[in-house]
Amino acid sequence: MNADLSRPHPADREDDSSLRPTFVERELPAGRHQFHKERLMAQIHEDLRSAATPARRTGSRNPFLRRAFLVPAAAFALAGALAAGFLTYVDRGAADGPGSTIATGPAMTTRIGTAEAKGTAELLDRISLAAASVGPGVKVRPDQFVYIGSKTANTYVKTVGDKSSLVSQELHMRHTWNSPDGLKGWLIEPGATGPGGLTLDRPKENGKDMQPSLNAPSHDYLAGLPTDPDVLLRKIYEETRGKGRGPDQQAFTTIGDLLRETYPPAELAAALYKTAAKIPGVVTVDDAVDAAGRHGIAVARLDEENGQREEWIFDRQTLEFLGERVVQVRGDSGEDGLIKEGTVVFTNAVMTRGVVDRMKEMPGSGG
């Protein structure tokens, strides 16, 4: 599985020349893409090299795991039709109105919810029980693929010459397919891939397939993780030592990555919530909104270094995990302090999780 987006946020630097095509190398929000760094960089540079001009972003957070990685973004949208029963569309809607393509307004600015430490452990215990109640969880044959469809966007500082500005990425759909052993996979995401997408196949290291890890988990790897919260937390701290902005924040980020872009067994999902309750500094936020505009209650942790709060959003009634966002809640961040309080640095909503028989097939459409 790939884990989206430790945390420097991108600041774009583009060549002023108009004589050659450019694209942006985006360092996605922290904690979300170390995996992509390992799995995608070689392939991306190969696929997009003909369109590439050096570009750079720096900044405060990279919400994809491992979130310290650059993903080139080509200046083209998803296009073309695939075979019947397979992916044939891209959702371009945004929270600021039907037909909009830019994630402005509610999608990238927000009311900062009130955080409270009291009752957070009890809330996570209830969320854990709700996760465990769904049954044993998904079963995936070796020849099948785990599909995750999510709506996402981020905000970053873009610099051209000596002028910097705050940019909101388009709110768009992100589609991933991964084999249960993690050896085969595919990504389709506007702004990050070409029209047909690009491979997530696990790369070789010294002639051998890279082994799955918390930073680059496979479905089979997740099934083998310990479900005792103390043992699991110790493993997370050990494997993420030296990454991110401190052990507690990185542990929280790592769990968030696993919740957002994998399909964990129910027993593991329940264990992850109990594990999160043991991380110092975890709080409850009274109201948060995911990338699909769904309001919920959030479990969160503040990164004291950059003033950004990572929030896991849950349905108030069912306690189902809805998505995740990162909000600037204290001070300013980014180049020239352009990321102000209330800015949503990263937003995500999990729309569909499923198991399919073929790469690029959508759940419920096989045939």
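Two strands are taken to pair if DSSP finds at least two bridges between them, and helices (H or I, at least four residues) and strands (E, at least two) are DSSP runs, numbered from the N terminus. The model shown is predicted, with local features needing pLDDT of at least 70 and side-chain atom pairs counting only at pLDDT 80 or more, while totals for chains, interfaces and linings use all residues. Residues are numbered from 1 along each chain as its sequence is written, and side-chain values use heavy atoms, with hydrogens and water left out.

View 1. Strand S16 (residues 308-314) is largely enclosed by the rest of the structure, because seven of its seven residues are buried, where buried means under 20% relative accessible area, exposed over 50% and partly exposed in between (1.4 Å probe, protein chains only). Gln 308, Glu 310, Trp 312 and Phe 314 lie on one side of S16, with Arg 309, Glu 311 and Ile 313 on the other, and both faces are covered. Strand S15 (residues 295-303) pairs with S16 in the antiparallel sense over seven bridges, and Arg 301 stands opposite Glu 310 in S16. Strand S17 (residues 321-328) is likewise antiparallel to S16, again over seven bridges, and Val 326 in S17 is the bridge partner of Glu 310.

**View 2. The hairpin turns on either side of S16.** Four residues lie between S15 and S16 in their hairpin, and Gly 307 in that turn has a positive phi of about 75°. The hairpin of S16 and S17 has six residues between the strands, and there Leu 319 in the turn has a positive phi of about 65°.

View 3. Strand S7 (residues 145-160) runs antiparallel to S9 and is joined to it by seven bridges, with Gly 149 having His 175 in S9 as its bridge partner. Four bridges join S9 to strand S10 (residues 185-188), also antiparallel, and Thr 176 has Leu 187 in S10 as its bridge partner. S9 and S10 form a hairpin with six residues between them, in whose turn Gly 182 has a positive phi of about 80°.

**View 4. Helix H6 against helix H5.** Nine of the eleven residues of helix H6 (residues 266-276) are buried, so the helix is largely enclosed by the rest of the structure. The axes of helix H5 (residues 247-260) and H6 come within 10 Å and cross at roughly 155°, axes being lines fitted to C-alpha atoms, for helices over the stretch in contact, with angles running from 0 to 180 degrees between N-to-C directions. The two helices are therefore roughly antiparallel to each other, a term for angles over 145 degrees. Ile 255, Leu 258 and Leu 259 in H5 meet Leu 272, Tyr 273, Thr 275 and Ala 276 in H6.

View 5. Leu 259 of helix H5 is buried, with a relative accessible area of 3%. Leaving aside neighbours within four places in sequence, Leu 259 is in contact (heavy atoms within 4.5 Å) with Leu 272, Tyr 273, Trp 312, Phe 321 and Arg 353. Leu 259 and Gly 323 are 64 residues apart in sequence, yet their C-alpha atoms are 8.5 Å apart in space.

Conventions. Parallel < 35°, antiparallel > 145°, perpendicular 65-115°, else oblique.
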